[in-house]
Amino acid sequence: ENTSDYSFNRHIKKEQEGGAFYYGKKWNNGGLSSIKMAYSGLNTRSVSATFFEDAKDSSKNIKINNLFRNGIGESAFKLDHYFPSNKRHSLSVGMGLIQNSVAFRQDTMNQSLKRHLRKSPRLTGYVKEDISINRAVSINPGIRIDVPLTELKAYLQPRLELYIKPNDNWRFKLATGLYNQFISQNMLIDSFGTPIYFWSLVDSFDKYSLASVHYVSGLNYTYKRFNLNVDAFYKNTSGIDRFYLLPSAKGLNHSSLKSRTYGVDISLRTKLRKHDFWLGYTISKSEEMLMDDIEGPNSPWNFYIRSPYDQRHELKLAAFFNLSPFHISMNYVYGSGLPNTILHFMDNERPYSRFDIAFLYQFEKGWPDIQTGISLLNVFDTENIRYNDFTGFPNQKQSYPYATSFTPTIFLNINF
């Protein structure tokens, strides 16, 4: 007999803004220098109401109104210089100043107001070299360095690419590199198993830094108007933060995880007259485990398990029709689905699919460059469920939100 009544309503509003400035100078000796300034920001505002009532046990009753705001921003100033090159060698260097910012605010009926604002500037620089051994073989070594001014620690990130091109049709690639990330989206799981996603700077917790090592091997084949690309990839990531509010423990619990992701990307492109067609397919697997040993090496917590972000298959189709001054773009995506629960790591999943279409009109070339049109998202109004974003209740029930429904939009682009 069902003796409980529960509901959850949420309204999410996202705003994105940005701007960029570029100036390039070509020198008489063949070199090229550039100055770039850019800003981008994303702000999310969520208002939710959670209600649960148990007719037999009133101590389980909950009624919470929650206001949640989270924003991220990045301001960047970069200088790049490309030295004069020849058939065998080219060199590029760069430096800059980047500042990331994160704002967080939460206000509920039962908790005091929480506010959090952090800024983290860092110096950055890189050196990249392109060396042709002969007509068929080239290597591209490089290194990047980031120095957060909040901790004055240098993060060295070496990278290396090897290309082999036996003829005009085939090209093979091997690549590896270390990448550090200074802003990330973390997950907080509350006492009912509800995941809450929020942006934070990685220096908020100094136990681990977010780092990833990438390995890629691939081939590219070109024949007339067709281009086939196949990449096999393997990625190790460490320093993933996850937070828990557990009923059996007081306060906020924190775990650091590491993950591995591997798979194959396949893409096929062709051009028929002025029209472009593209097909992409990815098969991959993503797993994770705790970075610290728990209860010895044979503990079930010390083995890789399926990641909540794991999706085995994804298929993408795209077409772009150039009917100047009119343009039509079509996109279709199919995903085999994500795990539908976070805490129990069950494999139940539901596929995801969506078809979008856009119509664009390009005004005659001039200054400024103006484009306008309409975009239709999820044309067939396919019912997709966001399994990685749900709400839990004391009776172990879960409420899942729907993804983007049929949504028409109008856009206007003005480029100066």
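**A strand residue and beyond**

Reply: Let's start with Asn220, which lies in strand E11, residues 211-223. Strands (E, at least two residues) and helices (H or I, at least four) are DSSP runs, numbered from the N terminus. Before going on, keep in mind that this is a predicted model, where local features need pLDDT of at least 70, side-chain atom pairs count only at pLDDT 80 or more, and totals for chains, interfaces and linings use all residues. Residues are numbered from 1 along each chain as its sequence is written, and side-chain values use heavy atoms, with hydrogens and water left out.

Back to Asn220: its relative accessibility is 15%, so it counts as buried (under 20% relative accessible area; exposed is over 50% and partly exposed is in between, using a 1.4 Å probe and protein chains only). Who is around it? Setting aside neighbours within four places in sequence, Asn220 is in contact (heavy atoms within 4.5 Å) with Asn169, Trp170, Arg171, Asn227, Leu228 and Asn229. With Asn229 there is also a side-chain to side-chain polar contact at 3.1 Å. That term means a pair of N or O atoms within 3.5 Å; within protein, one must be able to donate a hydrogen and the other to accept it, and residues adjacent in sequence count only if both atoms are side-chain atoms.

Now hop over to strand E9, residues 183-189. Six of its seven residues are buried, so E9 is largely enclosed by the rest of the structure. Seven bridges join E9 to E10 (residues 195-201), and these two run antiparallel; two strands pair if DSSP finds at least two bridges between them. Here Ile183 sits opposite Leu201 of E10. E9 is also joined to E12 (residues 226-244) by three bridges, this time running parallel, with Met187 partnered by Arg242 of E12.

Finally, the charged pairs. Side chains of opposite charge can pair when their charged atoms come close. The structure holds 13 salt bridges, each a side-chain nitrogen of Lys or Arg within 4 Å of a carboxyl oxygen of Asp or Glu. Asp310 takes part in two of these: with Arg306, at 2.7 Å between the closest N and O atoms, and with Arg312, at 2.9 Å. Arg306 and Asp310 are both buried, whereas Arg312 is partly exposed at 25%. Glu15 and Lys13 form a salt bridge too, at 3.4 Å from N to O; Glu15 is partly exposed at 44%, and Lys13 is partly exposed at 46%.
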